[in-house]
Amino acid sequence: GKGLAVLTSGGDSQGMNAAVRAVVRMGIYLGCKVYFIREGYQGMVDGGDNIQDANWASVSSIIHRGGTVIGSARCADFRKREGRLKAAYNLVNRGITNLVVIGGDGSLTGANLFRLEWSSLLDELAQNGKITPEQKQKYGVLHIAGMVGSIDNDFCGTDMTIGTDSALHRIIEAIDAIVSTAYSHQRTFIMEVMGRHCGYLPVVTGVISEADYVFCPESPPPYDWPEKLCNNYLAVVTALTSEADYVFIPEDPVPNDWQISLCEKLAQERSAGQRLNIIIVAEGAIDRDGKPITAEDVKKVVVEKLQQDTRITVLGHVQRGGNPSAFDRVLGCRMGAEAVLALMEATPDSVPCVVSLDGNQAIRVPLMECVERTKAVAQAMAEKNWELAVKLRGTS
Ligand code: ADP
C-alpha cells in the first residue's frame, strides 16, 4: 500500500490526538502503510526510532487525551535545505510519499516548501548515491495535506481550529471559579488569556463570561484608553461584524454606548450593585502604536483611578491542557479522515489542501491560499491597519 505518515508540529492543542487517530485508522482502512513521525519535523529530520509503524491498536485510548501523544517540537533544522534533505531521505527510505501535517501556519508553510523542493531533494539524494534511480522514479511526488491544530483559532480558512473549543472550556471553568470569589469580596479581576496575535479567545471569552472589557490584538483601544477605553462591546461588535460563524454570541449583546470610558463603566457597574468586574486581556493585547498592554497596565489604571481591589489571574498553559471537548474530538476525527481521503485522491498536479471546517462541513481549501491570508492579517497588524486586520481575520 501507499506510505502515509502523520506528524504534529508547532504548539500542541487538545484534539490533535483525535486527528492522529483518524489519520491512522482511515489510512489503514484504505490500505496504506501508516507511520507516526514523533517530535514534529525534528523526528522527520532525525529519522531512526522517530518514525514508527502505526497500527489500529496503537491509536487506541488516545482520543480523550490532551496535547499530542506523538510529540511536537519546533525544529530549526527543517528551516534549512540540509535538514529537509535528511527528512526526504528518511521518508523515501520507508516509501512514504503522503504526509499529513497537523500544526499552525508555520508548520504548513514548511510542508509546502518541502513538497515544492521534493524532486530537487531526490535529485540530490540520487546524485549522492543515497537513493537509487528506481526510488527516485517511484517516489517522485510528495503529497501533503494539512490540518490546523491551534487553541488560538488564528488561521484564516477554517471556522475553527482543532483545540480552540477545549481552550474556551478551560478558560470559562477558570473564570467561573474566579467569579465566585470576586463576588464575595467585591473585587475586579483581570484575566489574561492566550491569543498572541488573534482576538478570538479573548473576544469569545468576553461574550460568554459577561466580562466588562476585552483587550484584543486586532482591534486596539484608542490612545487614551485609560480614560476612554473601548469596552467589550466594541470587541463584540467586531466579533459580530467580522465573524459570521460565531456560535457563542447571544442574540443581541450590543448596546449603543460602546464608547463609554473604562473607569466610568466600572464605577457605574459597581454603583448599580454589581459586586465584581471582569476584564479580559489577551496576552497579545496592544495599543494603536503596537505597544503591549499588559494585565499590570490595566490593573494600575483601575487601582489608581477607582481604588478598586483588583487582582490579576494569568491562565497560561492551563488553557492548552486537559481533555479535549466533544467538539474538538469530532473535529479532529472528521478532519483527519478527510485529510487521508484528499491524499488518496491527489494527483501530481493537484494543489495541496488544508482540511477546514466550513459551517458544519469538513472541506478542502488550497493550503497556500490560507497561509497567505493568515500572513496578510499579521501584515495588516504590523502596518497598524486595524480596520483591515479585523476585516481579514473575519473572512475565514
Ligand atoms: P506553527 O506551526 O504553530 O505556526 P512555527 O511557526 O513555530 O509554529 O513552525 C513550526 C515548525 O515548522 C518550525 O519549527 C519549523 O521547523 C517549521 N517551519 C515553519 N516555517 C517554516 C518555513 N518557512 N520553512 C521551513 N520550515 C518551517
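How many of the 6 residues of strand β1 (residues 3-8) are buried? To answer, we need one rule: a residue is buried if 20 or more other C-beta atoms lie within 10 Å of its own, exposed if 12 or fewer, and partly exposed in between, with C-beta atoms placed from the backbone. By that rule 5 of the 6 residues of β1 are buried, so the strand is largely enclosed by the rest of the structure.

Before we go on, a word about what you are looking at. This is a predicted model, in which local features need pLDDT of at least 70 and side-chain atom pairs count only at pLDDT 80 or more, while totals for chains, interfaces and linings use all residues. Residues are numbered from 1 along each chain as its sequence is written. The score pLDDT is the predictor's confidence in each residue, from 0 to 100. The protein averages a pLDDT of 85, and 88% of the residues score at least 70. The model also scores ipTM 0.99 and pTM 0.88. Where pLDDT is low, the predicted coordinates should not be read in detail.

Now for the overall picture. The protein has 13 helices and 11 strands; helices (H or I, at least four residues) and strands (E, at least two) are DSSP runs, numbered from the N terminus. Of its 396 residues, 52% are buried. Two residues are in contact if their C-beta atoms, placed from the backbone, lie within 7 Å. Among contacts with a separation of 6 or more, 75% are between residues 24 or more positions apart.

Let us return to β1. Two strands pair if DSSP finds at least two bridges between them, and β1 pairs with strand β2 (residues 33-37) in the parallel sense over 5 bridges. Within this pairing, Ala 5 stands opposite Tyr 35 in β2. Leaving aside neighbours within four places in sequence, Ala 5 is in contact with Tyr 35, Ile 37, Ile 51, Leu 91, Ile 96 and Leu 99.

In soluble globular proteins, nonpolar side chains tend to be buried together.

Next, follow the chain to strand β5 (residues 143-148), where 6 of the 6 residues are buried. His 143, Ala 145 and Met 147 point one way from β5, and Ile 144, Gly 146 and Val 148 the other way. In a regular strand the side chains alternate between the two faces of the sheet. β5 pairs in the parallel sense with strand β4 (residues 96-103) over 6 bridges, and Val 100 has Ala 145 as its bridge partner in β5. β5 is also joined to strand β10 (residues 353-358), running parallel, by 3 bridges; here Met 147 has Val 355 as its bridge partner.

β10 itself has 5 of its 6 residues buried, so it too is largely enclosed by the rest of the structure. With strand β11 (residues 361-366), β10 pairs in the antiparallel sense over 6 bridges. These two strands form a hairpin with 2 residues between them, and Gly 359 in the turn has a positive phi of about 65°.

Most residues other than glycine have a negative phi, and most peptide bonds are trans. Glu 39, in the loop between β2 and α2 (40-46), has a phi near 60°. Ser 61, in the loop between β3 (51-53) and α3 (81-92), has a positive phi of about 55°. Glu 39 counts as partly exposed, with 19 C-beta neighbours inside 10 Å, whereas Ser 61 is exposed, with 11 other C-beta atoms within 10 Å.

Finally, look at the ligand. A residue is near it if its C-beta atom, placed from the backbone, lies within 6 Å. Of the 16 residues around the ligand, Gly 10, Gly 104, Gly 106, Ser 107 and Gly 110 come nearest. Helix α4 (residues 105-127) gives the most to this shell, with 6 residues. The shell divides into 4 nonpolar, 9 polar and 3 charged residues; Ala, Val, Leu, Ile, Met, Phe, Trp, Tyr, Cys and Pro count as nonpolar, Asp, Glu, Lys and Arg as charged, and the others, Gly among them, as polar.
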